[in-house]
Amino acid sequence: MKSRLACCLLSLALALTASGPAGSAAAPSRADPCSYFVGKLPNVPRSLCESAALVDSRVRSVRGVPLYVRDIKAEQPKIRVLVTGAIHGDELSSSSLAFHWMKLASEQMPAMPQPVHWRFVPVLNPDGVLAHPPRRMNASGVDLNRNFPTPNWERDAAIYWQQRTKKDPRRWPGPKPLSEPESRFLFEQMRDFKPHLIVAIHAPYGVLDFDGPSTPPSKLGRLYLDQVGIFPGSLGNYGGVHKGVPVVTIELPNAMRTPLDSEMRQMWIDLLRWMAGKLSDSAARNP
């Protein structure tokens with residue numbers, strides 16, 4: 001009887017150890033990236049995930065989850081475009097859209113006036129995505145989209161958080177700019193990849209936002225331009241205003257469900273059309 005009880009207690013302890021603390025990102029049993037995301041992200045079957053051919057960047061989230069990237073490059077590219085999804089972990093559809101666009105970019109490389117080098121970071125905040133339930137912040141409780149080194153961050157980010165958000169924990173900018181491995185990773189991507197355009201995918205406001213130089217797109221699919229302003233430490237503020245890199249921010253209408261496949265394709269087509277008309281001159285000036 002005692003041996004049977006001891007066995008049961010041991011099994012229970014092992015199960016609790018394997019499950020990890022409440023709200024944590026559980027480590028998958030396999031090393032492939034799809035073991036993290038299939039079954040978690042809406043409208044991302046294994047076939048789509050595997051076709052993305054994600055590459056481990058060697059950078060890890062707070063909880064040790066790899067940050068994956070995918071480069072899709074035309075011959076002799078002239079334009080570099082950085083696409084990010086799920087900087088907020090509870091915006092699952094934003095990551096799904098990046099997966100669908102990776103497939104479109106790899107299978108149907110369009111003829112552009114300036115050939116494009118795409119770099120996708122489909123899940124920038126894996127700890128938030130894999131939490132139960134998914135949460136906006138990373139595992140340190142930081143809103144990664146308030147953690148970029150905009151001018152006067154030390155003063156403005158704290159004032160905005162305290163006075164405008166009333167210390168909303170979902171929007172805490174962190175103890176200092178670039179305090180988090182995920183925001184540092186994106187900062188380094190911007191520094192080293194030197195994109196001519198950043199496309200940041202979010203949800204669930206159903207609009208199109210834009211920061212920086214150039215004329216913004218008027219619409220992508222069913223999303224119409226509605227510039228909502230900038231925030232201390234945000235990617236749009238840092239990239240678009242401070243660094244002068246156009247930042248197109250897509251706000252999908254639902255955080256847990258993707259648009260129809262046809263709508264995601266139309267958004268892609270509209271983005272390419274805008275890039276062909278408005279981005280080529282910028283790339284020529286900044287090779």
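Is helix 8 mostly covered or mostly open, and how many of its eight residues are buried? I looked, and helix 8 is mostly covered, with six of its eight residues buried. Before going on, I note that this is a predicted model, so local features need pLDDT of at least 70, side-chain atom pairs count only at pLDDT 80 or more, and totals for chains, interfaces and linings use all residues. Residues are numbered from 1 along each chain as its sequence is written, and side-chain values use heavy atoms, with hydrogens and water left out.

**Entry 1: the whole chain**

I found nine helices and nine strands in the protein. Helices (H or I, at least four residues) and strands (E, at least two) are DSSP runs, numbered from the N terminus. Of the 287 residues, 52% count as buried. Here buried means under 20% relative accessible area, exposed over 50%, and partly exposed in between, with a 1.4 Å probe and protein chains only. I also looked up contacts, meaning heavy atoms within 4.5 Å. Among those between residues at least 6 apart in sequence, 78% join residues at least 24 apart.

**Entry 2: helix 8 and its cover**

I listed the buried residues of helix 8: L235, G236, N237, Y238, G239 and G240. What covers them includes helix 7, strand 5, strand 6 and strand 9. Just after helix 8, I noted G244, which takes a positive phi of about 75 degrees.

In helix 7 (residues 181-193) I picked out Q189. Q189 has a relative accessible area of 13%, so I put it down as buried. Leaving aside neighbours within four places in sequence, Q189 is in contact with L82, R119, K194 and P195.

**Entry 3: the second largest pocket**

I used a 1 Å grid over the protein atoms alone: a cavity is a set of points where a 1.4 Å probe fits but cannot get out, and a pocket is an open set with protein on both sides within 12 Å along at least five of seven lines. Lining residues have an atom within 4 Å of a point. Grid points are joined across faces, edges and corners, and a volume is the space filled by probe spheres set on the points.

The second largest pocket has a volume of about 370 Å³. Strand 5 (197-202), strand 6 (207-211), helix 8 (235-242) and strand 9 (247-251) are the elements that give two or more residues to its lining. I counted 23 lining residues, of which N145, R146, V228, F231 and E251 lie nearest the centre. They divide into eight nonpolar, eight polar and seven charged. For these classes, Ala, Val, Leu, Ile, Met, Phe, Trp, Tyr, Cys and Pro count as nonpolar, Asp, Glu, Lys and Arg as charged, and the others, Gly among them, as polar.

I followed up V228, which lies in the loop between strand 8 (223-224) and helix 8. With a relative accessible area of 52%, V228 is exposed. Its C-alpha atom is separated by 6.6 Å from that of D209, 19 residues apart along the chain.

**Entry 4: the cavity**

I found one cavity of 30 Å³ or more, and the largest cavity has a volume of about 40 Å³. R146, A157, Y160, W161, T165, R171, P173 and P232 line it. By class, that lining has five nonpolar, one polar and two charged residues.

**Entry 5: a hairpin and its rings**

Strand 1 (residues 55-60) and strand 2 (residues 66-73) pair in the antiparallel sense over three bridges; strands pair if DSSP finds at least two bridges between them. They form a hairpin with five residues between them, and G64 in the turn has a positive phi of about 90 degrees. D56 stands opposite Y68 in strand 2.

Rings of Phe, Tyr and Trp (its six-membered ring) pair if their centres lie within 6.5 Å; planes under 30 degrees apart count as stacked, over 60 as edge-to-face and the rest as tilted. Y36 and Y68 form a tilted pair, 6.4 Å centre to centre with 55 degrees between the planes. Y36 lies in helix 2 (residues 34-37) and Y68 in strand 2, so this pair ties together parts 32 residues apart in sequence. The ring centres of F37 and Y68 are 6.3 Å apart and the planes at 85 degrees, so I wrote that pair down as edge-to-face. F37 also lies in helix 2, so its pair with Y68 ties together parts 31 residues apart in sequence.

I checked burial too: Y36 is buried, F37 is buried at 1% relative accessible area, and Y68 counts as buried at 5%. Y36, F37, Y68 and F99 form one aromatic cluster.
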